[in-house]
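Thanks for coming, everyone. Please look at the sequence and the model on the screen, and I'll walk you through them.

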Amino acid sequence: YGADLGPGASKDDLHGGDETEFRNFIVWLEDQKIRHYKIEDRGNLRNIPSSEWPKSFEQYLQDVNCPFSVQERQESVDWLLGLAVRFEYGDNVEKYKNCPPATATKAEKPSDPLIHLDSNNPDFKAGVMGLANMLKIQRHDDYLVMLKAIRILIQERLTPEAIAKARQSKEGLPVALDKHILGFDTGDATLNEAAQILRLLHIEELRDLQTRINEAIVAVQAIIADPKTDHRLGKVGR
């Protein structure tokens, strides 16, 4: 049914690519499928060149109880198509009710290019190694593992969103040094202030280190939580 969109209309036209084709399609849909108006009441909608046609279309959407407005053209077209399909089915129940459900053929199924990837292909290995060297990724015996690492790095560091985020300047909060106790006195006010700054920077580094330690613990726990069964031992574990 999706291919029968009316005379000369394409999907792009229906969403506003060509105003004349769009209006022709609406008239065809009402005349052939929906038939909400009596024939004699379709004059305003059929007057395609009229400058008043948008108002007639707006009234038509209201009369068929469409929840979308004329400004929401794509949504209203989809809704009218759904209405037309319901009426088409209602008029031909016996014809359609016994139709077998559509099933995707083998040719229609999307193909994952990685499924047929030969990880032992010399060209593949050379390509992965070249990317790994360029991105400074640690080498691994399994080239698929390296490819996965490349994908993760690109997603996290090289996507437009990641780059934009990295370019954002980090605004620090002002720190009142007089409220932080140094714990010792160098005998010089300037040196005391410098020591306080170094101590605060060191604390920030320790916080970052703690965050990385926590991330490592979580990663290890995730591995431990999914143990592999050693059939030789007859138990789950090492």
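**Salt bridges first**

Lys33 and Glu88 form a salt bridge, with their closest N and O atoms 3.2 Å apart. By salt bridge I mean a side-chain nitrogen of Lys or Arg within 4 Å of a carboxyl oxygen of Asp or Glu. Lys33 sits in helix 2 and Glu88 in helix 5, so this pair ties together parts that are 55 residues apart in sequence. Both Lys33 and Glu88 are buried. Buried is under 20% relative accessible area, exposed is over 50%, and partly exposed is in between, with a 1.4 Å probe and protein chains only.

A word on the source. This is a predicted model, where local features need pLDDT of at least 70 and side-chain atom pairs count only at pLDDT 80 or more, while totals for chains, interfaces and linings use all residues. Residues are numbered from 1 along each chain as its sequence is written, and side-chain values use heavy atoms, leaving out hydrogens and water.

How many salt bridges does a search of the whole structure find? Nine. Take Glu30 and Arg42, whose side chains meet at 3.5 Å, N to O. Glu30 lies in helix 2 and Arg42 in the loop between helix 2 and helix 3 (43-46), so the pair ties together parts twelve residues apart in sequence. Glu30 and Arg42 are both buried. There is also a network of salt bridges here, linking Glu30, Asp31, Arg42 and Arg46.

Now Glu19 and Arg23. Their salt bridge has its closest N and O atoms 2.9 Å apart. Both residues lie in helix 2, four residues apart, about one turn of the helix. Glu19 counts as partly exposed because its relative accessibility is 31%. Arg23, at 12%, counts as buried.

**Overall layout**

The protein has ten helices and two strands. Those are DSSP runs numbered from the N terminus: helices are H or I, at least four residues, and strands are E, at least two. Of the 238 residues, 22% count as buried.

**The cores**

The largest nonpolar core has 22 residues. A nonpolar core is a set of buried Ala, Val, Leu, Ile, Met, Phe, Trp, Tyr and Cys residues joined through side-chain atoms within 4.5 Å. Helix 2 (19-34), helix 4 (53-63) and helix 5 (73-91) are the elements that give two or more residues to this core. Helix 2 supplies the largest share, seven residues. Among the residues with the most contacts inside the core are Phe25, Phe57 and Leu80. A contact means heavy atoms within 4.5 Å.

What does Leu80 touch, not counting residues up to four places away in sequence? Ile26, Leu29, Ile34, Phe57, Tyr60, Leu61 and Val64. Apart from this core lies another, of eight residues, including Phe124, Val128, Met129 and Tyr143.

**Helix 8**

Last stop, helix 8, residues 143-158. Its 16 residues should span 22 Å at 1.5 Å a residue, and its end C-alpha atoms are 21 Å apart, which agrees. The expected span is 1.5 Å times one less than the number of residues. Its buried residues are Tyr143, Met146 and Ile150. They cover an arc of only 50 degrees around the axis, which puts them on the same side of helix 8. That arc is taken from the directions from the helix axis to the C-beta atoms. An α-helix has 3.6 residues a turn, so residues three or four places apart point the same way. The buried residues of helix 8 pack against helix 7 (122-135).
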